[in-house]
Amino acid sequence: MSRTALRICPLCEATCGLTLTIEGTRITHARGDRDDVFSQGFICPKGASFGAVDSDPDRLRTPLVRRDGELREATWEEAFDAVAAGIRPVVERHGPHSVGVVLGNPNVHTMAGALYPPVLLAGLGTRSVFTASTVDQMPKHVSSGLLFGDANAIPVPDLDRTGHLLLIGANPLESNGSLCTAPDFPGKLKALKARGGTLVVIDPRRTRTAKLADRHIAVRPGTDAMLLAAMAQVLFEEGLAEPAPHVQGVEELADAIREFTPEAVAEACDVEADAIRALARDLAAAPAAAVYGRIGSCTVPHGTLASWLVDVLNILTGNLDRPGGALFPQAATDKTPRPAGPGRGFALGRWHSRVSRHPEAKGELPLSALAEEIDTATEEGEPVRALIAVAANPVLSAPDGDRLDKALDSLDFMVSVDPYLNETSRHADVVLPPPPPSQSPHHDFAFNTLAVRNQVRYTRPAVPLEPGRMAETEILARLILAVTGMHGADPAAVDQMVIDQTLGKAVKEPHSPVHGGDPRELAARLGGDTGPERRLDMMLRLGPYGDGFGVRPDGLSLDKLLAHPHGIDLGPLEPRLPQPLKTRSGRVELLPGPIADDLPRLRAALAERPEGLVLVGRRHLRSNNSWMHNVPALTGGSNRCTLHIHPEDAERLGVEDGAAVRVKGAGGEVTAPAEVTDAIRRGVVSLPHGWGHNRPGTRLSHASTDPGVNVNQLLDGRLLDPLSGNAVLNGVPVEVTPETGPEASAVTEKLTALT
């Protein structure tokens with residue numbers, strides 16, 4: 001007998017609702033949930049492949065512990081005993097900063113990854129924290145922190161009501177959206193055009209999104225900030241600037257960007273001055289417009305400036321915090337909204353990395369610095385001697401994976417929480433595998449703070465936890481206890497500690513609905529079958545839509561959410577300023593000091609002209625970083641690791657379509673098949689990220705049959721955006737030459753077999 005169950009898809013940021021068909025405990029089919037309040041039945045190839053992802057035979061089922069140099073199956077008790085014995089002596093002998101923590105992108109796609117890593121970091125007290133944010137979106141966090149006082153206050157485009165959308169460095173038809181949670185992003189763009197709106201795409205590649213646009217500007221990679229600064233300069237020069245309320249620093253900004261005229265930036269951007277002026281004028285003339293930038297504009301030398309200027313343009317055109325513009329979402333699990341007023345602000349560089357002295361940002365150090373923090377001795381502080389990697393594969397995602405690969409082998413101890421034995425976890429002394437997604441509950445804590453419509457959804461596990469498995473929430477709770485000196489304690493104590501601390505603070509806050517209450521009495525009233533559910537109930541009830549533990553009877557609670565299995569619609573985004581602002585002034589600080597100090601670097605870059613080719617990345621609709629190349633249904637076809645190159649560049653270099661080419665960068669070289677296409681502008685080549693599954697000791701049977709190459713091996717890790725510590729992955733100089741050795745024949749034969 002088959003049955004159906006609902007599940008929110010955890011495979012990308014769109015968070016679509018799924019209806020799963022289940023035979024016994026096996027997922028046999030997945031389709032979009034037509035009644036889901038947010039996604040309304042939309043599904044992409046990743047969601048349709050949920051069952052294949054869930055049942056991948058290479059998923060680890062039991063913990064692995066290294067014995068006599070080999071990883072061998074062990075019991076959960078043996079695994080956590082080994083973790084405690086491996087981590088605690090390092091902390092006690094060398095201090096907490098000698099233990100590094102690496103958090104990968106999948107953490108934001110699970111309940112456990114949202115709830116427990118903050119407790120882990122607080123318990124360890126380490127400053128050696130590295131995450132996927134610094135090879136992705138950290139510039140946006142930093143610019144938001146500087147503008148709004150809160151690194152997580154990120155305005156998103158109001159896709160359903162805007163009339164003019166400008167995308168820069170974004171390809172949502174492939175990514176499904178990022179830092180902008182929007183199921184059926186393609187449908188929303190088509191609806192924009194159907195209602196007479198305008199779509200403008202700025203991208204060096206003619207992506208699927210660019211093909212849909214009314215106007216496509218093929219900018220030179222890495223010059224995004226110059227182009228946006230020139231647009232802002234036009235708004236001032238032509239009297240088109242009408243700043244949104246609650247803003248300070250308008251006149252100072254006008255003076256700071258005065259030199260970035262369209263004529264001054266045109267040659268560097270390779271965009272005509274008249275075209276830049278038209279972009280600015282059209283943006284200002286639209287009744288409702290939004291500018292949205294993503295990874296292409298973040299992973300460049302001026303990523304923080306580009307991210308800042310995206311919001312500057314929204315502010316100067318009056319579109320920040322306006323329906324149809326860019327607004328701040330309000331998630332159901334957000335903290336109780338505090339009254340508007342000055343806050344603590346946002347600070348950078350509160351500490352620095354030990355070797356290269358990179359400043360921290362948002363409590364993190366650059367992932368690019370992880371290898372040197374392990375393998376380089378200095379007089380200042382201890383190197384990283386032990387590592388905790390949670391859902392992270394930095395050997396593929398960080399620059400110069402070869403160096404990091406060697407550095408991981410030199411660690412005293414390493415533990416990895418990962419369902420696979422992959423390029424990074426193969427180095428671990430202990431591997432703790434979480435269960436497949438069908439056996440886990442799901443609520444999107446992070447992505448609801450970025451959603452284009454306010455809503456709340458929760459799904460319990462679709463399939464019971466398989467015997468011998470351990471819930472991911474329990475794995476992380478036990479990990480916290482093992483590394484903080486409380487090994488063997490009841491894992492439920494972790495959730496209870498968080499509940500006690502949260503309610504203890506809430507009853508002391510005058511604006512809280514439980515002000516003056518008894519924390520123990522409130523805790524006793526929490527619903528839910530598990531510790532994580534009790535924490536979710538607490539957050540919902542204290543949140544902006546919550547029942548306040550009975551203060552607002554119609555408000556949210558876990559029980560109410562469970563009664564609505566397809567979710568609860570909380571309405572369109574609404575203007576919220578000045579409440580979200582946490583700057584010291586209580587206003588949007590348009591020209592923060594660190595931004596003003598970095599503008600001379602952007603001015604100097606106007607005179608730079610890269611010689612030869614530059615590299616940009618790309619992704620495919622059926623991929624999400626390095627996660628999914630082990631699923632046959634999601635690889636092959638157009639989802640291949642090829643080098644895109646323009647026909648004129650190919651002819652000049654003697655490169656033939658399908659032939660092997662050698663790509664050389666500052667960090668190394670790789671050989672990949674060429675794909676000659678005019679979908680990329682001249683002077684630019686593109687390799688996708690997340691590939692390179694050819695290292696020994698992994699258990700990725702399908703991915704290893706078509707491993708591709710690791711594009712990040714072309715980088716040596718030295719190129720960073722100085723404000724955010726974000727790796728520069730786009731606009732990087734490379735050399736491309738035809739491959740003529742034995743490797744050329746191997747690549748060509750492989751490509752022929754695959755096609």
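## Ground rules

Two strands count as paired here if DSSP finds at least two bridges between them. Helices (H or I, at least four residues) and strands (E, at least two) are DSSP runs, numbered from the N terminus. This is a predicted model, in which local features need pLDDT of at least 70 and side-chain atom pairs count only at pLDDT 80 or more, while totals for chains, interfaces and linings use all residues. Residues are numbered from 1 along each chain as its sequence is written, and side-chain values use heavy atoms, with hydrogens and water left out.

Let's start with β24 (residues 668-676), which runs parallel to β22 (residues 643-645) and is joined to β22 by 3 bridges. One place to look is histidine 644, whose bridge partner in β24 is glutamate 675.

Strand β23 (residues 660-665) is also joined to β24, this time by 6 bridges and in antiparallel fashion. Here alanine 660 stands opposite proline 673 of β24. The two strands β23 and β24 make a hairpin, with 2 residues between them. As a reminder, strands of a sheet pair through backbone hydrogen bonds, either parallel or antiparallel.

## An open parallel sheet

Now for another region: 4 strands form an open sheet with parallel pairing, in the order β11-β10-β9-β13. The edges belong to β11 (215-217) and β13 (289-293); each has a single partner strand, so one side of each is left without a neighbour in the sheet. From one strand to the next, the twist averages 15°; axes are lines fitted to C-alpha atoms, for helices over the stretch in contact, and angles run from 0 to 180 degrees between N-to-C directions.

Within this sheet, β9 (residues 164-168) and β13 run parallel and are joined by 5 bridges. Leucine 167 has tyrosine 292 as its bridge partner in β13. Helix α13 (residues 273-285) packs on the sheet and touches β9, β10 (198-202), β11 and β13, where contact means heavy atoms within 4.5 Å. The direction of α13 makes about 135° with that of β11.

How many disulfides does the structure hold? There are 0, a disulfide being a pair of cysteine sulfur atoms within 2.5 Å. For cysteine 16, the closest cysteine sulfur is in cysteine 12, and at 6.2 Å that is too far for a bond. Cysteine 180 is in no disulfide either, as the nearest cysteine sulfur, again that of cysteine 12, is 12 Å away.

Are cysteine 16 and cysteine 180 buried or exposed? Cysteine 16 is buried, with a relative accessible area of 8%, and cysteine 180 is buried at 0%. Buried means under 20% relative accessible area, exposed over 50%, and partly exposed in between (1.4 Å probe, protein chains only).
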